[in-house]
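Student: Hi! Could you walk me through this protein? I'm new to reading structures.

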Amino acid sequence: MPGALAALAAGVLVLTACSGSGSGDAGGADSAAPASATPAFAIDQDFPDPDVLRVGDTYYAYATNNPAANLQYATSTDLETWQPAGEDAFPDLPAWADEGRTWAPDVTELADGRFALYFTAQDADSDQQCIGAATADAPTGPFVGASDTPLICPLDEGGAIDASSFTDTDGARYLVWKNDGNCCGLDTWLQLSPLGADGVTLPGEPTRLLQQTEAWEGSLIEAPVIVKHDDAYVLFYSANDYGGEAYATGYATATALAGPYTKADGPLLTTEITGDAYVGPGGQDVVAGPDGEDRIFFHSWDPAIVYRGMNVLPLSWDGSTPVVDLP
């Protein structure tokens, strides 16, 4: 996803209390009355493509770069009050990566207690976006690039962006990502790659999972995140043009990690479904809260379409169907 705009209004805010029956009549979720006013952002500054990790009692939210940091992050203990950090968790990019387009980070804890960062950056040789890996001893970094070359960089498919890690119930690790085909008039496929136990190598070839097929998706799908709920694999994704109200969140389900995945009948979150309360909702992640119940994290535009703040909403389940509780 495109790099961050100038950061605005950084600070600590409290998410408004949420209630309501669901996200809309598309995608199998119940509809809710349109919101009468735009809810406050959980993080009210440019904080797109959020990824959230829990370590102990602390939640770490990471986002696409801003002018001051390749990897910006914020912390919380309750998912309501957030403290943006005043430092860069990834101050030095590896040799292959140009600064200024470090997008859509994902951080996960490895079996040995270290932390792995998967990030998108511009490949200096090709000028295409590619995916890299870095490691650190703490979730706040500093992360150090694991290689002088990208981890995933299919130049004949337009490069690669939006890596997200997934650990299955048997402990096997994977990355799900998107080839950036819309940069070059190509299809966009969400793809699954096995990860080595070290978290920074790829021992096998990728498997294609989904591509853009629905009218609401426009010319692309991206930002994949896989969650296992009961016996189903649920693949959340974003679609359409990130730059305005057309951007939206959808999902597909499968009984096996490698698919086949079946898309829902419609999107999960759109500007219209949310009653214009969340403009262009996307870049989502799903993490359990302190109460054990799931939350969905996503960005949306401020009313002036200047920056994308982070939102946090309750996520419940009807079988394998996710239901977002709108305020």
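Tutor: Happy to! One term to start with: pLDDT is the predictor's confidence in each residue, from 0 to 100. You'll need it here, since this is a predicted model.

Student: What is the mean pLDDT of the protein chain?

Tutor: The mean is 90, and 89% of the residues reach 70 or more.

Student: And where does pLDDT stay under 50?

Tutor: That happens over residues 2-36. For that stretch, the model has 108 contacts beyond four places in sequence.

Student: Okay, new topic: where is Gly158 found?

Tutor: Gly158 sits in a loop, with strand E8 (144-145) on one side and strand E9 (160-167) on the other.

Student: Does Gly158 count as buried or exposed, and why?

Tutor: Gly158 counts as buried because its relative accessibility is 1%, and the cut-off for buried is under 20%.

Student: Which residues is Gly158 in contact with, leaving aside its neighbours within four places in sequence?

Tutor: Gln128, Gln129, Asp180, Cys183, Cys184 and Leu186. Take Cys183: it lies 25 residues from Gly158 along the chain, yet their C-alpha atoms are separated by 6.2 Å.

Student: How many bridges pair E3 with E4?

Tutor: Two: strand E3 (residues 72-76) pairs with E4 over two bridges, in the antiparallel sense.

Student: And which residue in E4 does Thr75 stand opposite?

Tutor: Thr75 faces Gln83 there.

Notes. Residues numbered from 1 in each chain as written. Predicted model: local features only at pLDDT ≥ 70, side-chain atom pairs only at ≥ 80, totals over all residues. Heavy atoms only, no water. Contact = heavy atoms within 4.5 Å. Helix = DSSP H or I, 4+ residues; strand = E, 2+ residues; numbered from the N terminus. Buried < 20%, exposed > 50% of the residue type's maximum accessible area, 1.4 Å probe, protein only. Pairing = 2+ DSSP bridges.
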